Amino acid sequence: MTQASVPTGSAGRRASRLVPVALIALSVVPLVAGALRLSALSGGPDVMPDGARFAAMPVPVVAHIIAATGYTVLGAFQFGGRRPPARHRLMGRILLPLGLVVALSGIWMTLSYPRQDGDGDLLAAFRLGFGSLMAAALVLGLAAVLRRHYARHRAWMIRAYALGLGAGSQALILGVWTGAAGGDPTGTTRALLLGAGWAVNLAVAEGLIRRSTGRPGVSA
C-alpha cells in the first residue's frame, strides 16, 4: 500500500492529519450502511432496502462489508505524510488482502445476487469492470514492490484505493442528484451516476500520481 507525502512545516503537518480524516469522512455513509446491513443479517432490525436479496447467501456481502470497512479506514492512514517504513510495510500486508476481498467479493455479489429493481446490464458491467480493475491494480502494485519499482507500486496502490473508495463518492453524487432532481435516479441514470463515482476517484488518483511523480502517469 502506498503513502503520499505533503509539504513539510506546520502547514504540512496539519494537512498530514487532515487527509486521513477527509478520506474517512467520505466513507461515512457507506460505512454506516454496511454496519446496518450487518446488523440486519445478524438478526437485528432490517432498516436497509432490498435486504431479502442477501439473506439466503450472506457470505459475500458480509465479507465485502467487513473488508471494505478495514480497507477504507486503515488505508486512509497510508496517505497524508511519511510513515515509518516498518509500519508502512505492516499496513500494506494487511491492506492488500483486504483490498482483494473487497474487489473479488464485489464481483461475486454482482454475479450471484438477483439484481435490484431497475438495475440493468450497464451497472453490472461497471461493477464487474471496476472490481476487476481494482483487483488488477492491487496485484500490479504487489508485483511492482517485489521488483523494487516503488513509484509504480505507489501509483497502482493509489488507483486501487481510489476504486475501493468508490462507494463514498457514489453516495455523495447520488445525494447531490437526489437533492437537485427531487427524486432517486433509476435505470441508466443511476448506472451512470454510480459509474461516475469510480471515474471521478480515478481521475483524482491520476492527478495525485502526476503531482507526486512529475509525470502523466506511472504504469507497470
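The following legends describe close-up views of a predicted model.

Local features are given only where pLDDT is at least 70 and side-chain atom pairs only at pLDDT 80 or more, whereas totals for chains, interfaces and linings use all residues. Residues are numbered from 1 along each chain as its sequence is written, and side-chain values use heavy atoms, with hydrogens and water left out.

**Figure 1. Overview of the chain, with 9 helices and 0 strands.** Helices (H or I, at least four residues) and strands (E, at least two) are DSSP runs, numbered from the N terminus. The order of elements along the sequence is α-α-α-α-α-α-α-α-α. Of the 220 residues in the chain, 39% are buried (under 20% relative accessible area; exposed means over 50%, and partly exposed lies in between, with a 1.4 Å probe and protein chains only). Contact here means heavy atoms within 4.5 Å. Among contacts between residues at least 6 apart in sequence, 74% join residues at least 24 apart.

**Figure 2. Packing of helix H5 against helix H6.** The two axes come within 9 Å and cross at roughly 160 degrees; axes are lines fitted to C-alpha atoms, for helices over the stretch in contact, and angles run from 0 to 180 degrees between N-to-C directions. H5 is therefore roughly antiparallel to H6 (angles over 145 degrees; under 35 counts as roughly parallel, 65 to 115 as roughly perpendicular and the rest as oblique). The crossing of H5 and H6 is left-handed, a term that applies if the near helix is turned anticlockwise from the far one by less than a right angle, with clockwise giving right-handed. H5 contributes residues including Leu 96, Leu 100, Leu 104 and Ile 107, which meet a set in H6 that includes Leu 128, Met 134, Leu 138 and Leu 142. By class, the contact of H5 with H6 comprises 14 nonpolar, 4 polar and 1 charged residues. In this classification Ala, Val, Leu, Ile, Met, Phe, Trp, Tyr, Cys and Pro are nonpolar, Asp, Glu, Lys and Arg are charged, and the others, Gly among them, are polar.

Figure 3. Leu 96 counts as buried, at 16% relative accessibility. Leaving aside neighbours within four places in sequence, Leu 96 is in contact with Leu 138, Leu 142 and Met 157. The C-alpha atoms of Leu 96 and Gly 75 are 9.7 Å apart in space, and these residues are 21 apart in sequence.

**Figure 4. Packing of helix H6 (residues 121–146) against helix H7 (residues 150–164).** The axes lie 8 Å apart, and the helices pack at an angle of about 155 degrees. This angle makes H6 roughly antiparallel to H7. H6 passes H7 in a left-handed crossing. Residues making the contact include Phe 130, Leu 133, Met 134 and Leu 138 of H6, together with Tyr 150, His 153, Trp 156 and Met 157 of H7. The residues of this contact divide into 14 nonpolar, 3 polar and 1 charged. Arg 148 lies in the loop between H6 and H7. The phi angle of Arg 148 is near 65 degrees, a positive value in a residue other than glycine. Arg 148 is exposed, with a relative accessible area of 62%.

**Figure 5. Aromatic pairs, of which the count comes to 5.** Rings of Phe, Tyr and Trp (its six-membered ring) pair if their centres lie within 6.5 Å; planes under 30 degrees apart count as stacked, over 60 as edge-to-face and the rest as tilted. The rings of Phe 54 and Tyr 113 are edge-to-face, because their planes stand at 85 degrees, with centres 4.8 Å apart. This pair links distant parts of the chain: Phe 54 belongs to helix H3 (residues 52–55) and Tyr 113 to the loop between helix H5 (85–112) and H6, 59 residues apart. Both Phe 54 and Tyr 113 are buried. The rings of Phe 126 and Phe 130 form a tilted pair, with centres 6.2 Å apart and planes at 45 degrees. Phe 126 and Phe 130 are 4 residues apart in helix H6 and so are separated by about one helical turn. Phe 126 is partly exposed at 23% relative accessibility, whereas Phe 130 is buried, with a relative accessible area of 17%. Ring pairs also link Tyr 71, Phe 79 and Tyr 161 into a cluster.
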